[in-house]
Every structure is written in structure tokens, then in C-alpha cells.
Amino acid sequence: MGISTSFPSCAAATSVSARSLMTSGAVSRTDKMREAFVASEASVFMNQPPPHMSRPSIIIKLILGLLWTITHLAISFLNLWSHLIYSLECYVISSGLLRKYQNLHLGRLKCLAIVVDSKEAKSTAKVKQLLCWLSSMGVKYVCLYDIEGVLKKSFEPAVNASRDRTAGEHFGIGGNISDLQCSQREMVIDCLSGSDGKEGIAKAGSLLCSTYINGDTHGDGKRKPAFTEADMASALKAVGCGGPEPDLLLMYGPARCHLGFPAWRLRYTEIMYMGPLKSMKYGAIVKALYNFSKKHQNYGK
């Protein structure tokens with residue numbers, strides 16, 4: 001009986017010692033991990049490289065960062081310098097010191113398109129000032145466009161009223177603005193929006209399709225559709241989306257794109273980006289018209 005009672009006590013002692021060994025091993029591993037973490041954090045705060053990064057790699061990263069900073073500063077300086085040169089040139093042109101910009105030959109400019117971002121188009125005072133400048137330069141036909149139709153809502157009543165008299169008189173372009181040197185000249189103003197783009201071409205295509213279906217047929221009762229460019233132009237005109245093709249398009253806004261202007265009217269159009277409408281300059285418009293008058297276009301056959 002003494003032998004049988006001694007075995008449980010030995011087993012209990014053995015399990016207790018095993019648990020104590022496991023606990024001490026876990027504590028030692030935890031201590032080692034804590035010490036490693038503290039060592040890595042201390043190396044960061046003491047501006048020392050971590051154990052996994054060598055000193056040459058850190059030097060290379062510092063050099064690359066310095067080169068990127070220098071390149072960024074150089075590009076920013078060049079951009080600022082070009083902006084200052086551009087502003088100075090526009091001021092000199094506006095003051096009339098450069099003779100070549102005084103007499104603009106706009107015989108080739110039959111239609112001028114102005115594309116304005118819809119958010120900036122809400123500034124009607126800027127748009128009226130732009131129309132005043134164009135009128136004083138001798139532009140005869142202006143097409144205003146924004147994708148949301150802000151300009152159409154603002155100026156369409158005035159455009160309809162200007163059919164019986166000059167647009168310059170109705171818009172106040174020619175009256176008592178001595179500092180802009182505006183003169184009362186006849187100028188046709190047309191307003192477009194995004195509905196005149198894809199929706200217009202869809203209406204024209206539907207009209208051509210219905211005309212083809214309801215039209216006369218040959219002896220066998222069938223005929224092949226043969227739509228020409230003239231047919232599409234007449235269909236666009238019939239649905240109220242026709243008009244002359246602009247010779248020059250000036251874009252005002254944050255994006256360098258025509259913002260959905262009807263593409264079929266831009267086949268031979270010269271496109272120029274003018275920057276935001278709020279920072280438009282008289283000299284910039286004169287320079288754009290002068291550069292257009294000096295360009296030569298070769299039309300293919």
C-alpha cells in the first residue's frame with residue numbers, strides 16, 4: 001500500500017515541474033521579443049539604421065530624395081518663369097507696344113467657337129467681357145458652348161432678341177466701355193450645349209432612317225442606303241443642330257479638352273487652350289488670333 005500511494009505524488013511533482021519549465025520558456029521568449037522591439041525602436045529614435053537596412057542603401061535613398069526635390073523645384077521655377085513671361089507678353093500686347101499685333105487680318109476667321117467649363121460659365125460678366133473684346137477685334141460669328149447649357153439659358157433670350165438688331169447692342173457690348181475700347185459691330189452669336197452633341201447626331205440619324213424607310217423604292221421594292229456627308233449635314237440642320245464649322249476654337253476651363261463640343265463640326269478646326277476663364281487676358285486673345293492668322297492649313301482631297 002505504501003508503494004501504491006507514492007506513485008501519484010511523483011506524477012504530480014513531475015507535472016508541476018513540466019508546467020514551470022514551459023512557463024519559464026514562454027516568459028523568456030516574450031522577454032527576447034520585447035528586447036528586440038525596444039532595440040529596433042531605439043535605433044530609429046537615435047537616427048541609426050535598422051538592422052535589416054545597410055548604410056549604403058540609406059545613402060542611396062537620401063540621394064534619390066534629394067534629386068527628386070531638386071527636380072520638383074526646378075520644374076516649379078520654370079513653370080513660374082514661363083507664367084511670368086506669358087503675363088508680361090500679354091500686358092505688352094494689350095498696351096499696344098508691339099505693332100504686329102495691332103492690325104489683325106481675320107479674313108480666314110469665319111466662325112470662332114468658345115468652349116467654357118460649365119462652372120465658370122456661370123460668370124456671365126466674364127463672358128460678356130469676352131464677347132466685348134471679340135467684337136472690338138472684328139470677329140463676326142461666335143459660337144458659345146458649355147456642356148450643361150448654362151450659356152444657352154443665360155444668353156439664348158438675348159440671341160433671339162438680337163436677330164432684329166445687332167448682337168453687340170443687345171448684349172451691351174458696344175456701349176460706354178471706354179477702357180475696353182469696344183465698338184458697335186455686327187456679330188452673330190450662337191449658343192450650344194451638350195444636347196446638341198450626341199443627342200443631335202442621334203436625332204439626325206433617326207431622321208435619315210425614317211426618311212429611308214418611308215421613301216420611294218426601286219422596282220424590286222428594296223434599295224441600299226447611301227447616306228452622304230451632305231445628307232447628314234442637311235439632317236442635322238433639319239433637327240436644329242446644324243451650323244458652320246469653326247475655324248478656331250478657344251477652350252476656357254481646367255481641362256484641356258473640348259468638353260463634348262459637336263465633333264462633326266471640328267474637322268478642320270484649330271484648337272487652342274486659353275486657361276481658366278477667370279484669368280483670361282485681352283493680350284492672350286489677340287495673340288491667339290494673330291497666331292491663327294499666320295497658320296497655313298493643307299486640306300486633303
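Helices and strands are here DSSP runs, of at least four residues for helices (H or I) and at least two for strands (E), numbered from the N terminus. In these terms Ser 193 of this predicted model lies in the loop that runs between β3 (188-192) and α7 (198-214). The briefing begins with this residue and then turns to the sheet to which strand β3 belongs.

**Ser 193 and its surroundings**

- Ser 193 has a relative accessible area of 6%, and because this is under 20% the residue is classed as buried.
- Leaving aside residues up to four places away in sequence, Ser 193 touches Tyr 145, Asp 146, Ile 147, Gly 149 and Lys 152.
- With one of these residues, Lys 152, the side chain of Ser 193 also forms a polar contact of 3.3 Å.

**The sheet**

- Five strands with parallel pairing make up an open sheet, in the order β3-β2-β1-β4-β5.
- The edges are held by β3 and β5 (270-273), each of which has a single partner strand, so that one side of each is left without a neighbour in the sheet.
- On average, and with direction ignored, neighbouring strands of this sheet are turned by 20° against each other.
- Five bridges join β3 to strand β2 (residues 141-145) in the parallel sense, and Val 142 stands opposite Ile 189 in β3.

**Helices packed on the sheet**

- Helix α4 (residues 124-137) packs on the sheet and touches β1 (112-116), β2, β3 and β4 (248-252), while its direction makes about 160° with that of β2.
- Helix α9 (residues 282-293) also packs on the sheet, where it touches β4 and β5, and its direction makes about 150° with that of β4.

Note on methods
Residues are numbered from 1 along each chain as its sequence is written. This is a predicted model: local features need pLDDT of at least 70, side-chain atom pairs count only at pLDDT 80 or more; totals for chains, interfaces and linings use all residues. Side-chain values use heavy atoms; hydrogens and water are left out. Buried means under 20% relative accessible area, exposed over 50%, partly exposed in between (1.4 Å probe, protein chains only). A polar contact is a pair of N or O atoms within 3.5 Å; within protein, one must be able to donate a hydrogen and the other to accept it, and residues adjacent in sequence count only if both atoms are side-chain atoms. Contact means heavy atoms within 4.5 Å. Two strands pair if DSSP finds at least two bridges between them. Axes are lines fitted to C-alpha atoms, for helices over the stretch in contact, and angles run from 0 to 180 degrees between N-to-C directions.
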